[in-house]
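Me: I am new to this structure and would like a close look at one part of it. Please begin with a single pairing and then set it in its surroundings.

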Amino acid sequence: MANDTSLPTIAAEVFPTKAPETGMFISLGPQHPSTHGVLRVAITTDGEIVTSAQPDLGYLHRATEKLAEKRTYPQIIVLTDRLDYLAAMTNNWSYCLAVEKLMPVAIPERADYLRIICGELQRIASHCVFLGTYGIDIGAFTPFLVAFGRERERILDLFEEICGARLTYNYIRIGGVMADSPTGWEEKVRKFTKEMEGRIKEYDTLLTYNPIFMDRTKGIGIMGKDMAIAWGITGPNMRATGFKADVRKDDPYGLYPKMQFDIPVGTVGDCWDRYWVRVQEMRESLKIINQALDQIKPGDTMGKIAKTFRVPAGEGYGHLEAPRGDLGFYIVSDGTPSPYRMHIRPPSFINLQILQVLLKGWKISDVIAILGSIDIVLGEVDR
Amino acid sequence: MNNAELLSAIQAKFPALKEIPKVEGQARGAELYLDVPDAQLPEVCQYLRYDPPLSFDFLTFMTSIDWKTHFETVYFLNSTLHKHTLVIKVRIADRVKPAVPSIAKIWPAADWQERECFDMMGIDFPGHYNMRRILLPDDWEGYPLRKDFVAKADRYD
């Protein structure tokens, strides 16, 4: 069925502009509530069955890579906030990792712990958005109110307290973090993690094992392991196929080697598995946050680094496990205060490609379920 | 396999391929960097992908760099089986009509990334089934990530 990993070969067929002789042409988006941003998918159908689907991108393109060539290294952190705007913390972190590969800086231990706590909180917040909006896509409204409106708000409040911003943080800096946590912040995080464990159980009863939700997602949009590897899929989408791939374990960064956590994997790689892996990941993130809170000690939060600096010539690739997959920054430096070339490896962009073959053969009513389960953020797709 | 073993395994099949040595004083990752001529790229990639001891089945990402005198495409490869990594660099001397053979048939992951390189850097990928602009509008003029690109004022400026 939809498990063909080969590329479509006829260009006219893969980018339709009009209906085929015996079928229908549907232009989904760019203004459609279920595309989670401005994405257009050109779909042709035969009866109810999708015969071809081609995403049309670029509505949100802001030329981040070109802008980066004109800015100094610390100024670029602000740009990275705007990529995956639901997970700006991990964007900052990934960029800083890449710069720190080029220019080794000793990062104080406390800064590394704060990075882990913020990064994992961000993962929970991002998955809460996925859970809420995916529920809406399928037709369940309540999960949105609890996951998006209640738990995510709590996390954003915590972020606001530590760095003053709710969405675009600019908190993780080259060599450390912007500021130490305010008094009592760690206790608030601990209180939140305790509550969150109960909330995830609530999601299970509301959505995960809801028979209507399972009917709409079980056995739909199946992505096999080989197909996922060929198309470069990373993150929860890859793990849903049953393949254990996680940058935190495969290429550890920060203090992750010290942390005890599991990598939840799915079994068949359908929409429900992709959903379920994310819910389990929230549990694992809570474990990591609790361990980090136990181990964190007072200390410096910024390494010894000059206000203005030049990065030595060379190239560096830093990547980490962002909520949506393997997010990387490839930086080529020529020794000047700004990068010669910066390339972003955006997990959403690369994960979205598979839609061309994944949607084929499924019913038109499953399109939204499959598109939602890939969990893309258009800010990162279009950059 | 470590870098030395990888290099000897690849050179056993393609003796002409050379490692790109690390420049003294410059920062670079620990991966093996391989210089591949553009004409040989599909053949080399086919071997890297399907030879069992190598089996580089995962294209992490690909990108392009404008070095003012020439272009360069960069491929970061990974093996999900053996967990080793490799970086391939292809030098494109032709600045007027830069082209590199497409590898999207070997790694479908390169599909949109090659289109992005075409869109931003103007490098053509012969053999790609759908080589069009991807992020910019179809009627956009020029290739913005080239170093000699001059932004023209449009109706929004």
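In strand 7 of chain A, which residue is the bridge partner of Gly318(A)?

Reply: The bridge partner of Gly318(A) in strand 7 of chain A is Phe329(A). The model is a predicted one, in which local features need pLDDT of at least 70 and side-chain atom pairs count only at pLDDT 80 or more, while totals for chains, interfaces and linings use all residues. Residues are numbered from 1 along each chain as its sequence is written, and chains are lettered from A and ligands numbered from 1 in the order in which they are written.

Strand 6 of chain A pairs with strand 7 (residues 325–333) of chain A in the antiparallel sense, over 9 bridges. Strands are DSSP runs of E with at least two residues, and helices are runs of H or I with at least four, both numbered from the N terminus. Two strands pair if DSSP finds at least two bridges between them.

The two strands belong to an open sheet of 3 strands in chain A, with the order 6-7-8 and antiparallel pairing. Its edges are strand 6 (314–322) and strand 8 (341–345) of chain A; each has a single partner strand, so one side of each is left without a neighbour in the sheet. From one strand to the next, the twist averages 10°. Such angles run from 0 to 180 degrees between N-to-C directions, along axes that are lines fitted to C-alpha atoms, for helices over the stretch in contact.

A helix accompanies this sheet. Helix 4 (residues 88–102) of chain A lies across strand 6 and strand 7 of chain A, and runs at about 150° to strand 6 of chain A. Contact here requires that the C-beta atoms of two residues, placed from the backbone, lie within 7 Å.

Chain A holds another open sheet of 3 strands, with the order 1-2-3 and antiparallel pairing. Strand 1 (24–28) and strand 3 (49–56) of chain A are its edge strands, each pairing on one side only. Neighbouring strands in this sheet are turned by 20° against each other on average, direction ignored. Within it, strand 2 (residues 40–46) of chain A runs antiparallel to strand 3 of chain A and is joined to that strand by 7 bridges. Ala42(A), for instance, has Gln54(A) in strand 3 of chain A as its bridge partner.

Helices also pack against one another. Helix 5 (residues 109–138) and helix 12 (residues 271–295) of chain A pack at an angle of about 155°, with their axes 9 Å apart. They are therefore roughly antiparallel to each other, a label for angles over 145 degrees, whereas those under 35 count as roughly parallel, 65 to 115 as roughly perpendicular and the rest as oblique. Among the residues that make the contact are Ile117(A) and Ile124(A) of helix 5 of chain A, and Met282(A) and Ile289(A) of helix 12 of chain A.

In total, the secondary structure of chain A comes to 16 helices and 8 strands. Of its 383 residues, 52% count as buried, meaning that 20 or more other C-beta atoms lie within 10 Å of the residue's own, with 12 or fewer counting as exposed and partly exposed in between. Among contacts in chain A between residues at least 6 apart in sequence, 72% join residues at least 24 apart.

Chain A also meets a partner: 37 of its residues are in contact with 28 residues of chain B. Strand 3 (58–66) and helix 3 (110–121) of chain B each supply at least two residues of the side that touches chain A.
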